[in-house]
Amino acid sequence: MERIWIRVARWSRYTYLRVVRIKAPAESIALGLALGVFAGALPFLSLQMGIAVALALLLRGNIIAAALGTWWSNPFNWALVFPLLYMLGKIFVPGDVDHLSINEFIHLPLLELLQRSWKWLLITSLGGVIAGVPLAVATYFITLRSVLIYHDRRAKRRLERQRRMPRRG
């Protein structure tokens, strides 16, 4: 069990460093990551990254950070995330949705799946927007602060190194 937590800690540190080392203004990085987190809350599995990148281009967020932000919702947690988004959206959209078995979900053609599940998609999308907005806002402010702190510390280290270096003249 300890090894799992070590791996999670390393992965978290690696992801943190990937984000804060992006060469862009802190506001752009924070906006891009926030847009990626928002898009990751939407139920459009194969389109999340495209949505995040399009939003980043439109709103001038960092494209790389937007793409990275979508990975919080990944194939390993979809089974947890989608029911939660559905329950959240169900609060605002009345009525029942036809039950689809996993076998039907996997084997139905996309058009038929959309015809049978448009209400599920609507409810889950609404739940995604409702969950995505506060997640994106929190991500923006946490990322902005993290990037600014990282850049400040990096600038101080560079300045300290320059002071220690003897000048040639």
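User: Why is Arg 60 called exposed in this model?

Analyst: In this predicted model, Arg 60 has a relative accessible area of 72%, and since exposed means over 50%, the residue counts as exposed. Arg 60 lies in the loop between helix H3 (48–59) and H4, and its phi is positive, at about 65°, although the residue is not a glycine.

User: What makes Arg 164 exposed or buried?

Analyst: The relative accessibility of Arg 164 is 62%, and because the cut-off for exposed is over 50%, Arg 164 counts as exposed.

User: Why does Thr 70 count as buried, and where is it placed?

Analyst: Thr 70 has a relative accessible area of 4%, and buried means under 20%, so Thr 70 is buried, even though its place is in the loop between H4 and helix H5 (78–90). Leaving aside residues up to four places away in sequence, Thr 70 touches Gly 36, Val 37, Ala 39, Gly 40, Gln 48, Met 49 and Ala 52.

User: Why is Thr 139 counted as buried, and what does it touch?

Analyst: Thr 139, whose place is in helix H7, has 16% relative accessibility and therefore counts as buried, the cut-off being under 20%. A polar atom of its side chain lies 2.7 Å from the backbone oxygen of Leu 135, and beyond residues up to four places away in sequence, Thr 139 touches Leu 33, Ala 34 and Val 37.

User: What makes the set that includes Val 20, Ile 22, Ile 29, Ala 65 and Val 147 a nonpolar core?

Analyst: A nonpolar core consists of buried residues of kinds such as Ala, Val and Ile, joined through side-chain atoms within 4.5 Å, and the largest such core here has 13 residues, of which those five touch the most other members. H1, H2 and H7 are the elements that give two or more residues to this core, with the largest share, 4 residues, coming from H2. Another core, of 5 residues, lies apart from it, with Leu 35, Ala 52, Ala 56 and Ala 66 among its members. In soluble globular proteins, nonpolar side chains tend to be buried together.

User: How do you know which residues line the largest pocket, and which lie nearest its centre?

Analyst: A residue belongs to the lining if it has an atom within 4 Å of a point of the pocket, and 23 residues line the largest pocket, with Trp 11, Thr 15, Leu 33, Leu 68 and Trp 72 nearest its centre. The space in this pocket is about 680 Å³. H1 gives the largest share of the lining, 8 residues, and the lining residues divide into 14 nonpolar, 8 polar and 1 charged.

Terms used
Residues numbered from 1 in each chain as written. Predicted model: local features only at pLDDT ≥ 70, side-chain atom pairs only at ≥ 80, totals over all residues. Heavy atoms only, no water. 1 Å grid on protein atoms, 1.4 Å probe; cavity = no way out; pocket = protein on both sides within 12 Å on 5 of 7 lines; lining within 4 Å. Points joined across faces, edges and corners; volume = space filled by probe spheres on them. Nonpolar A, V, L, I, M, F, W, Y, C, P; charged D, E, K, R; others polar. Buried < 20%, exposed > 50% of the residue type's maximum accessible area, 1.4 Å probe, protein only. Polar contact = N/O pair within 3.5 Å; in protein donor to acceptor, adjacent residues only side chain to side chain. Contact = heavy atoms within 4.5 Å.
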